[in-house]
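This report concerns a predicted multi-chain model. The sequence and coordinates are shown first.

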Amino acid sequence: MINELISMKGYGLYVWSSFFFTLASFTSLYLLTKLELLKEQKKYILKFGSLSEEKIEIAKDQKINKEILLNNSITKI
Amino acid sequence: MFKLLKPNQIFEIASKLTKFISILFIVVLTIGLTEALILSPEDYKQSHSVRIMYVHVPAAWMALGIFSVLAFLSLSIFIFKNKTFFLISKSLAPSGFIFSIIALVTGAIWGKPTWGTWWAWDARITSMLILALFYLIYLLSWKVIENKERAIKISSLIAIIGAINIPIIKFSVNWWNTLHQGQSIKILSDSTIHSSMLLPLFIMTAAFALFSLLIFLMKFNTEMIKIKNKGLDRL
Amino acid sequence: MVKKVKLRILFLLAIILSAILSVFLILKSLEKDVVFFLSPTDVKVLKTIDTKKIRVGGMVKDKSISISSEKINFVITDFKNEISVSYSGSVPNLFAENKGVVAEGFLEDRNYFKAVKILAKHDENYMPPEVKEALGEK
């Protein structure tokens with residue numbers, strides 16, 4: 001049963017390499033996108049921290065800035 | 001409706017959706033892979049190599065679909081200078097590019113045991129290669145062109161011109177003699193794929209669509225944070 | 001503002017139309033190369049037979065394959081015209097009678113083709129073997 005699944009009557013190499021290539025491309029694109037997102041979040045938090053208190057207050061008034069700070073995966077860790 | 005199309009709104013929704021979509025994607029992909037690799041029957045002629053179709057065809061559909069959306073959005077970017085649309089199309093393009101590459105590579109892997117060749121310069125395969133190149137040029141145009149206004153203009157022109165290729169891909173198998181077979185799933189008549197093989201095909205297509213949605217959401221948020229980062233400078 | 005939008009639409013229309021026209025003209029003038037293979041009927045109406053490598057495609061005629069020592073002879077048909085093909089070498093798994101085929105090689109004359117490569121053409125039908133058998137019994 002397992003052997004049959006792997007060999008697929010001689011087509012195993014073709015079938016498995018197609019699926020492997022697809023999943024490998026998915027994983028690489030996901031990781032690339034995720035890394036870029038983390039990098040931008042980190043840069044944003046660093047800049048936010050370097051702002052003067054007065055400016056932080058103004059920034060906090062904008063909902064979107066709060067959202068970014070809330071939803072990033074770095075501060076959660 | 002238009003309120004939903006504001007970048008800030010999309011950002012909020014995207015941040016909440018990402019986790020849910022990734023779980024849904026894994027679930028649908030697992031079901032799809034089980035169907036495609038184990039449960040679905042072999043073909044009477046191609047035997048097990050028919051299973052390659054379950055990644056090849058959804059990838060090709062998604063690549064074509066995403067480029068059509070890209071071209072449509074680019075039209076309104078160019079005419080109405082819609083600011084949200086270029087963020088959306090920029091975030092859609094990466095997964096479309098990956099899908100066009102997957103379609104080409106898995107097509108080559110399928111061609112070897114079926115046709116007896118990896119590659120043929122027939123109309124369908126060549127026009128699909130041109131689509132992948134258009135995706136590449138589109139993605140590169142954002143990186144190469146420094147001036148943002150110009151990058152928006154040029155990249156949307158690239159998408160609009162590239163859209164001419166879409167009907168050529170679609171109808172290449174009807175217009176010319178090609179090595180590639182004609183379409184099996186038709187709108188007006190019965191599909192020539194047996195229903196037991198349509199099921200994995202549609203589940204895999206759903207999984208692929210979820211994947212591009214996931215990448216889209218992450219990419220969109222990255223772009224938004226970049227913009228807001230610049231916004232902090234202006235306080 | 002509105003005038004600007006109108007101008008942009010006009011500009012885009014001009015670009016799209018000229019792009020479509022040029023793509024159409026290019027494809028039209030390259031028609032001979034865009035077509036992956038000629039059918040036996042196309043071969044029949046060829047003006048000149050040159051020594052260039054070409055491809056001929058169609059169906060392998062029923063009961064036409066004959067295999068002698070290292071040589072395979074068969075007939076490609078498009079149900080209007082036929083052409084005999086001879087070939088030595090290995091054929092793809094899907095090469096069979098009543099199935100699509102594309103042969104790459106040289107024309108000896110309008111009825112005889114010497115192939116150097118055989119490609120199997122797949123059709124758009126996909127079904128499990130049991131379904132095929134059930135269809136065959138009908």
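The model is predicted, so local features need pLDDT of at least 70 and side-chain atom pairs count only at pLDDT 80 or more, while totals for chains, interfaces and linings use all residues. Residues are numbered from 1 along each chain as its sequence is written, and chains are lettered from A and ligands numbered from 1 in the order in which they are written.

**Chain contacts**

Two residues are in contact if their C-beta atoms, placed from the backbone, lie within 7 Å. Two pairs of chains are in contact, and chains A and B share the most contacts. Chains A and C do not touch, and their nearest C-alpha atoms are 11 Å apart.

The contact of chains A and B involves 35 residues of chain B and 34 residues of chain A. On the side of chain B that touches chain A, at least two residues each come from α1 (7-39), α3 (83-114) and α7 (195-233) of chain B. Helices here are DSSP runs of H or I with at least four residues, and strands are runs of E with at least two, numbered from the N terminus.

The contact of chains B and C takes 33 residues from chain B and 32 residues from chain C. Here α2 (53-80), α3, α5 (148-162) and α7 of chain B each supply at least two residues of the side of chain B that touches chain C. The most comes from α2(B), with three residues.

The table gives the residue classes of the two sides; Ala, Val, Leu, Ile, Met, Phe, Trp, Tyr, Cys and Pro count as nonpolar, Asp, Glu, Lys and Arg as charged, and the others, Gly among them, as polar.

| Side of chain B | Residues by class |
|---|---|
| Touching chain A | 19 nonpolar, ten polar, six charged residues |
| Touching chain C | 17 nonpolar, twelve polar, four charged residues |

**Chain A**

Chain A has four helices and zero strands. Its radius of gyration (over C-alpha atoms) is 23 Å, well over the 11 Å that the globule rule gives for 77 residues, so chain A is more spread out than a compact globule. That rule is 2.2 Å times the number of residues to the power 0.38. The C-alpha trace of chain A spans about 70 × 20 × 20 Å along its principal axes.

**B:Thr178**

B:Thr178 lies in the loop between α6 (165-175) and α7 of chain B. B:Thr178 is buried, because 24 other C-beta atoms lie within 10 Å; the cut-offs are 20 or more for buried, 12 or fewer for exposed, and partly exposed in between. Among the residues that B:Thr178 touches are B:Asp122 and C:Phe36.

Notes. Lists of a residue's contacts leave out its neighbours within four places in sequence.
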